[in-house]
Every structure is written in structure tokens, then in C-alpha cells.
Amino acid sequence: MPILQIKNLSKVYKGGFTALKDINLDIKQGEIFALLGPNGAGKTTLISTICGLVNPTSGSIKVAGHDNLTEYKDARSYIGLVPQELTTDAFISVRDAVSFSRALFGKKKDQQLIESILKDLSLLDKKDSRIMALSGGMKRRMMIAKALSHEPKILFLDEPTAGVDVKLRESMWELVHKLRENGVTIILTTHYIEEAEEMADRIGVINKGQIVLVEEKKSLMKKLGKKELTIDLKESMPDIPEELNDFSLKLHSGLHLTYSYDDQKEDNRIGELIGKLSELGIEYKDLKTKQSSLEEIFVELVK
Amino acid sequence: MNITSILAIYKFEMDRMWRTLAQSIASPVISTCLYFVVFGSAIGSRIESVEGIEYGAFIVPGLVMLSVLTQSVSNASFGIYFPRFSGTIYEVLSAPISFFEIVLGYVGAAATKSLIIGSIILLTANFFVPLEVQHPLTMIFFLVLTCITFSLFGFIIGVWADGFEQLQIIPLLIITPLTFLGGSFYSLSMLPPIWQKISMLNPVVYLISGFRWSFYGHADVSLTISFAMIAFFLITCILIIRWIFKTGYRIKS
């Protein structure tokens, strides 16, 4: 059974704006699911609806089999949420803030666990500091510590690395992998395609409130991934010769020819192209191939 | 009932009071002392007694009510408004706690703060005037009920308010004038008949009257009506809060 089941979920705001449109989505236990989408696509609305912050207009959400409206206490006890905005109380200590989050979920005090979470997030030496004294990156990590304080089975990370430096981003990726190893299901939204590429098992693309696609990351890249062959010419040419029109080539700076082809097709016509170049006496010094990145796939999908 | 979660909210709010001790406790106590000096000593020295009660002692229940009403509304409204304003409300709303438990935590803390302030004012008043409480149980009952009711009212304001200005409007422009005009510093019988009738439209009159009765056995209106009024206000607040959480008004979109 999936740990999260979303069926026919829609959200229409009072003004008539449809933020979510008939969403159907199953999340498997222990996976890392990346939800991609442009600004205003409905990523945060979807997360907020699952976590109980937004009332759905129709449809149902089940968390570990518990309906998030009728059995909301059971459903929410599984969930940890790290929101996009850095919303924290400024005047209390890091330890108190994290302990408060744990107590809100009805869990008994466990200083050892709190300290271990803070240690994992490199915040242990800041445990007695007031939140207002933390840097942006530290605050972001503290938000994660708060979400982890009640040992959730599902962790929502809404744009977890927005505005953090490369080093911190990498340490967060490490943490996410570690959490997954411990059986936590992770659902993250991100603008950074490389983040999804690096971490996710499956990718979901949402656009204009609708799930456009849900696919295993590897098969998505394989299925939609285009390859590009770049031919670096020895001598500059003003235009692409007519004899090569059949290949839909592009010429850059007179010195680089690029040829896009489908990796999955049996006959990608590369041999034919190389033969034609020799036939026409066009000499080249290098050949390079490049796989489409997830970002390029994503841009194609939301066009 | 999720006691740990309720206590977490309650403790969080109470901690805020201890962090801002000067603002939370010292400020209302100093204001009350000033009222005693101005109304009790300076003006009170020219008024012998009201309904047979020394003027300084007569105003004590009114002063306690003045502080309790404004503090209950301010504390409870700020308690829920600030997480809304800062965005930290997400944490409470996504936790496995019911709306009733959330209200219990916030309103419980606000009512406790008001109760502490009311008690401190009573103790302070004891240094200025000889105090007697003829019906201590009724006095405690009235005080606790008022703290709870007006904290619920404050909670509603905190949910309704869309800015700090709105947060201040009700305590400053409604609660304080109603308390001043509700017989805090005078007996209704001292007013001309027409103003006595108009005063009956002021709900705070019933609170102060009932509370004063518990001290001196003197009331402007019947004790039963005072109880009925506060019960009516309490039930109205509970019903409004129930509706707020049912619809998610200004809390959930």
C-alpha cells in the first residue's frame, strides 16, 4: 500500500482560481519523490493541502491509510513539514524551538534525540543560541530539525535549498539520503533540477494545478532524453551545405555543428552524417555527445 | 485529549510572558497604582463614600476588571495573531491537534496571565485601601469566568485582525471606553436617570456590578443578570470560535 494516496484532489479558491485540478498521486514508502513545476504551478498548495494547512475543495488524501480530514490526528502524526519560508520565532533558543515542535506532536521530551538531530544538522553548538542570532542557512537547518523532532515517517521539503550555498546544499542532500536509509519517505519540491536529478527516485511534474507526468527518474531521462552530437570543425564555414539539410543541423559561430537525435531509435543516422561530411570534404577535429538534462526535459514538458 | 500538545502551546505562551515581564506584569500594575493615586487619593479624598463604601475601596473591583478585560483581550489576540503574522502558525495547524485543543492552549495561557495580573492588582490595592471580600468564592468565580470569556474574545480578534492596528482597535476603542463607562469609578445610581438607562446597554456594567457585589454586597444590577450576561458572552464567543475553526476563517485557505 502506498504511504500517501491522493485521489481526484482539487482546490478552487474563493475567487474562482483553480490551484489544483483532479490530482491523482501515489507515493511509495521509503522513496524520494521530487515535485517539479514552475512558479504558481500548485506545488506548495498540494503540500499544504496534504499537511492540513489548506482545505481541499474535493477529493481525498490518505496518509498510511488514514484520511487526512476524518482521521487527521493519525494522518498528521506521520508527517513532518519544512515550509519554503523561514518562519521562526526569533526570541527563543534553538533547543526550545525544536522541543516545542516535538511536544506539539504529543511526543514526550527526549533531549538526547533533539541533540542528535541538531548534531546531524551541525547545529549542536548553537542549541542555546537565540534563533535571531542564526544565519539564514542555520535557520533553514533548524526548520528541518523542527520537522524531524517528532520522528516523522514522511518528510515534506518545500524548496529545501532555496537560497543556501553549495556546501550546505550538498550537506542537505546527504541528510536526505541518510533519512531515506532510515525508512523516511521524502517528498520535495524544488526549482533546482540538479537537486531532483541528484536525489529523487521518481519525478512528478505539476503545471497549472495538474500533474503532467509521474515517472521513475531513470526511465524519464531515458524516455524523454534527447542526445546531441556536436562536431567541432577544423575550418569555419559560412552556411550549412544544402546536402546536409536532411539532418536538421545547427551551425554555431561557423565552427560547431550540432545534431539532435533520439537515443532510443535504432537508426540515429550518425554514421550517415559522418559519411556525408567526409564526402563533402568537411574536416572536423572533435566529436562530442551530450544527454539532455532533466532541466531541458522539464522545460519541454511545461511549454 | 492531547495533553502534551496543549501544554506545549500553554507553556510556550507563558514563557513569552516571563520573557517580557516588564510589559506583561509591571506595566498594568504601575498603571493601576497610578489610578489609585489619582482617583483614590487625589479625587477620592473629596468623595467621602459611595453606597457606604470608602471611594478608594469602591473602585478596586472596577480597576481589577479594567485590567483583566484589556489584558485578556490583548494577550489572547496577540498570542494567535503573532504566529499568523510570522507564519509560524503552520506548525500548529499541521500538528495532530484539534482546534479545541489549540484554543485550550492559547486561551488557557491568556486567561492565566490575566488571572495573575488581576491577583497582583488586588494585592497591590491592599496596600492602598482596606479591602474586604464578602463572597470570596463568587469573586474567584467571576474573575476566572471573565478572564476566560475575554480571552476567548481576544482570540477571535487575533484571528480577525489583518494588521497590528486592527489588533489594537478593539481593546483601545471599545473595551477601555466601555469599562470606564461601565461603573469602574462610580455607582450607576450617581448618574442622571437617562444615563443610567443608557448604561444598561453596556455589557461591562454587568461584569463590574457582579464583581463588586462579591466584595461589598453592593450591586448596580441583579447578580443573576450579571451571571446571565457573562454566560451569554462566553457562549457567544465559543460559538464564534467553533465557526472560525469549522470554516477555517482567516486561518486556513
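Which residue does K62(A) stand opposite in β5(A)?

Mentor: Happy to, and please keep in mind that this is a predicted model. In β5(A), the residue opposite K62(A) is D67(A). The two strands involved, β4(A) and β5 (residues 66-67) of chain A, run antiparallel and are joined by two bridges. They form a hairpin with two residues between them, and A64(A) in that turn has a positive phi of about 50°. β4 (residues 58-63) of chain A also pairs with β1 (residues 4-12) of chain A, again antiparallel, through five bridges. Within that pairing, I6(A) has I61(A) as its bridge partner.

Now for the domains. Chain A is assigned domain 1 (4-222) and domain 2 (226-301), and their C-alpha centres lie 42 Å apart. Where they meet, 13 residues of domain 1 are in contact with nine residues of domain 2. The area buried between them is about 960 Å², with carbon and sulfur atoms giving 78% of it. On the domain 1 side, I193(A), M221(A) and K222(A) lose the most area to domain 2, together 50% of what that side buries.

On the side of domain 1 that touches domain 2, α7 (193-199), β9 (202-207), β10 (210-216) and α8 (217-224) of chain A each supply at least two residues. The residues of that side divide into ten nonpolar, one polar and two charged.

How values were computed: Residues numbered from 1 in each chain as written. Chains lettered and ligands numbered in written order. Predicted model: local features only at pLDDT ≥ 70, side-chain atom pairs only at ≥ 80, totals over all residues. Heavy atoms only, no water. Domains from an automatic or database assignment. Contact = heavy atoms within 4.5 Å. Buried area = accessible area lost by both parts, 1.4 Å probe. Helix = DSSP H or I, 4+ residues; strand = E, 2+ residues; numbered from the N terminus. Nonpolar A, V, L, I, M, F, W, Y, C, P; charged D, E, K, R; others polar. Pairing = 2+ DSSP bridges.
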